[in-house]
Amino acid sequence: MSHPPSRSSFLILILLLGTPTVCQAAPREIASPAEVLPGSVVLYAEVGEPVALGETLAKHPIVTQAKALPAWKKLSTSPDFAKGMVGLAMVEFKLGMTWQKALTKMTAQGLTFAIDAESKGAMIFAHAQDEELLTKIRETFLEMARADAKGKGKPDPIKTVDYRGVTVYQAKDFGFVQLGEWLLIGNHGELGKKVLDRILDDDGDSLAETETFQMACSGREESPLATAWGYLNLAAVRRKNPDHDIFQGKVDDPPGEILLGGVIETLGKADVVTAELYPSATGISLDVAMPFDPETVSEARAHYFGPQGQGMAAPALAVPGVIASVSTYRNFSEMWLRAGELFPERVVDKMIEAESNLTTLFSGRDFGEEVLGSLGPQVQVLVAQQQYGTDGQPVPEIKLPAFALVFPMKEPEQTWSDLRRNFQNLIGFLNVTGAQNGNPQLDLLQEQTDDGEIVSAMYVRPTDEDSEDPVSIHYNFSPTVASANGLFVLSSTRQLAATILSAEPVDAAESDVGTNTTITLQVPQLRTILIQNIEQLIAQNMLEKGHTRQEAENEVTTLLDLLGLLDHGSLTLRTTADELLFQFGLDAKQVEEERDE
Amino acid sequence: MNNWHEIDPMWAWEPFSPPGGKLTREHVAHLHRRTCLGATISQIEMGTQRSVTELVDELIRPLPEANSTDPLAQATLATGNARKLSAWWVYRLLTTDAPCREVMTLFWHGHFATSADKVTNVNLMYRQNELLREYAFEDFGKLVQEISHDSAMLIYLDSVTNRKAHPNENYAREVMELFCLGEGNYTETDIRELARCFTGWEVRREKFRFNRYQHDSGEKTVFGKTGPWTGEQGVDIVLEQAALPRFLVSKLIHYFLADEVDIPEKLIEPLAKQLRDDGLQIGPTLKRLLSSNLFFSKSCVAAKVRSPVTFAIGLLRSLEGTADTIALAEGVGDLGQDLFFPPNVKGWDGGRAWINSSTLLARANLIRRLLDHENTRFAKGSLAELASSLDRRTGTDVINWWEATLLATPLRSDVREQLVSTIENGSGNRDARLRDALHLFCALPEYQLA
């Protein structure tokens, strides 16, 4: 979006500063950075209460627990860290306060960041507690930077110039000014000049006056303290990059379309994107919103949002041991049939070729219309831990999680009968090709349960049980199809399929209205599976990084320790009558609280 | 290159006595380059304090009694990916404390060439590799018997289809031509008859199995000996042939001493006799070869082209380097030495075949990628940090260090000046300048020779 700032930009500023025709005026009070930033600013982010945000982050359980990790302790006792701390201590001595306190006071009334599309420059506004303190911090910084340069025999790194009565300090890659309680830091002379001119003259378009910014602000909710708010002028970005793939509305492949097709289309129409960050004592959440009109969703993207944008995900199934789950509204059949409108020609050609093969596999039934068409659009994907050794099968060296796809069937009886037969054909085919490649064979099992019917295929136990060779990765799988309550389950293991069939159905009333997609991740379960494969992680680390075993163990352990701090993450995509909303959340494990208890 | 026909065999295989009674850094570096893929400057310095015999005995030492399972190998095998196995071997070549055994394993991998392309089962490839490592310096006769039963070899050379009614001659031919005797030392009849001995040798569930129903139990005549020979007896008859030790000694000389030289019989004969007298034990003959006058003579120094393995892994070992071994194995493969994937049953041709206009460019590019890779470290740090720790402050200090560890021949003065200038006046920080200079260094013709 923005380009790196030109190093020559400050030369431009110097030239401009030297222009004699510019008249001097007294700087006016800055009410809000948006009022002095030019209308061409495309990205604007502000933290209203940085002090509270800083304190929340500093005391956050993730940070607290991270500091207790061996890796952090090792880092904090390293020579480089100690060197840094000595430098920091000198700063603190000069300021007469800790660096955290200085930073807090420097930004006590707010912190704002902006990127300008025209100049491609960036600017930070720090609103300090009071002018006197900010002056002290500024002078200390200047004094130390100059003393350091002098000690190294280098020229003054900070030049001082006057621009219409305002003192501007210029370093190699940035410049700054102090205006009362405000500190303005920028990396582009043109942008700096525009801002100062607006402050001095109150002239020209400001960001606050633009329609898109006002629209974004109007939707801004009353946020709790310590919330960051951001705005992106998507219309301006689109005007600057009209040919960018993201604004063309097309996705290169079906997986991309399934994940992001509807979002890409919305990005191509929305004028503004806003984001709000909510750190809390237990985690952090981020909401990203953009305008959305269900009436304008193209027919091609009905597979994503449903007719009139009303497609909703089913309530997630409550399956024990789940690592990750996705519940979404996606009409695969419609997407497949509209491939010509959604994908480039080469992808469509491959889909036609695949359809021909799949039609054979599905006994002559048309794959897009009849096979996918027999399934409903409320799709669920589940990834869960496996229990090894319970079914008499050998325990594989590499342990993979089980995964399953769950679809509602439009005509359960007929569809289940067809898919069960197709599955049996497939297992027969896999046994023939497996025999040719020396892979273990599959035994087909069919069983009725209280909840439905399961057809599974188990790998035959190896004949040489005493072999010292690692047990094959094949034993992670027992391909299964199952049916119950109108649902069709395609699972990598029989165990997961059976669990899904017996999972308590969640009351539809609990489903969130307007939820198109919900993705959840249970970090402790993910960590468990990584621990089960720790030898693989260590080996991969050794081979990829050339580490010794000890080094690899340290890195892997640190990764696992960090994951151990987290509890779960989620991502939800919702639609309303006028908004498309992403909600991202990450929660920490409550170790400290448990200890306190 | 010197004329080897003028070399006195008595002198050639006499133990080397260095002038002045002490080995120089050049002698020690030469020995390590040929047998260990290189040595660090401190290993070279320490080597000068020892005798040739001590150094060679240290290199060719028996396997430790308790050879514990390698967890890295087990984790790699679990992936079922032969490319990962290749990376595992590169890791081992980089980090082993018995590098000579690895170099010898690499020799046998080229000698008994078997490719994972055809075998497809990584467990079998690994088992064969371990077999080659176990017998690296040991009884060649036992090694041939073992390799004849090796599942990977049986699959690779189609022994699994060797039936009584239709004997497959592939394995019998290669045992004579490539493994034991060399061309011209057998007849087509010997091949046909030996192939009959191997009938019924199969692989079932990844293991050797003798199928007596498919074995031709009739009489066969191999090298004039007639009897109802089994495969093992057929191999024994081949092992008895007089051409065998001469063939092996010739291959060892080409591998360790000099590429592509015409070795006169008079030079081969003394070592061939020793090999036969030692019951085909490889170790003693190899020790004599590596501690000989000829090995340390001008006829052998810089008389070999670096293989891709010695080119890249040798550089890292000499500079205490570690790297992304998956990328390195791929890079070495791109240069023509794809570990576990030899090009054909003859293995790698070696010598000048390693070098052509495209591989020379590819060699330089590999070094650049290696030096720029975030996971390449030298003594766990940057190249500049390693140079500082070794007190190599100036450009000249650095070039002297690299010359002593990496080159078999002295640098030309104009080249030296250019390299020193790159270090002292090049662009970027000191580490970037050192990496630029090392890249140039490894692209030199001198560095292509071992």
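**Charged pairs and ring pairs**

Arg164(A) and Asp201(A) join their side chains in a salt bridge, with N and O 2.5 Å apart; the term asks for a side-chain nitrogen of Lys or Arg within 4 Å of a carboxyl oxygen of Asp or Glu. Before we go on, please note that this is a predicted model, where local features need pLDDT of at least 70, side-chain atom pairs count only at pLDDT 80 or more, and totals for chains, interfaces and linings use all residues. Residues are numbered from 1 along each chain as its sequence is written, chains are lettered from A and ligands numbered from 1 in the order in which they are written, and side-chain values use heavy atoms, leaving out hydrogens and water.

Back to our pair, which links distant parts of the chain: Arg164(A) is in the loop between strand S4 (159-163) and strand S5 (166-170) of chain A, while Asp201(A) is in helix H9 (residues 189-201), 37 residues apart. Helices (H or I, at least four residues) and strands (E, at least two) are DSSP runs numbered from the N terminus. Arg164(A) has a relative accessible area of 6% and is therefore buried, whereas Asp201(A), at 36%, counts as partly exposed. Here buried means under 20% relative accessible area, exposed over 50%, and partly exposed in between, with a 1.4 Å probe and protein chains only.

A second bridge in chain A joins Arg420(A) to Glu453(A), with the closest N and O atoms 2.9 Å apart. Arg420(A) belongs to helix H18 (residues 412-436) and Glu453(A) to strand S15 (residues 453-459), so this pair ties together parts that are 33 residues apart in sequence. Glu453(A) is buried, at 9% relative accessible area.

For contrast, look at Lys273(B) and Asp277(B), whose side chains meet at 2.8 Å, N to O, in a salt bridge. Both lie in helix H16 (residues 265-277) of chain B, four residues apart, about one turn of the helix. An α-helix has 3.6 residues a turn, so residues three or four places apart point the same way. Lys273(B) counts as exposed at 53% relative accessibility, and Asp277(B) is exposed at 53% too. Chain B also holds a network of salt bridges that links Asp70(B), Arg92(B), Glu102(B), Glu130(B) and Arg133(B). Over all chains, the structure has 53 salt bridges.

Now for the rings, where a search of the whole structure gives 33 aromatic pairs over all chains. Rings of Phe, Tyr and Trp (its six-membered ring) pair if their centres lie within 6.5 Å; planes under 30 degrees apart are stacked, over 60 edge-to-face, and the rest tilted. Phe174(A) and Phe176(A) are stacked because their ring centres are 6.3 Å apart and their planes are at 20 degrees. Phe174(A) is partly exposed at 29%, while Phe176(A) is buried at 6%.
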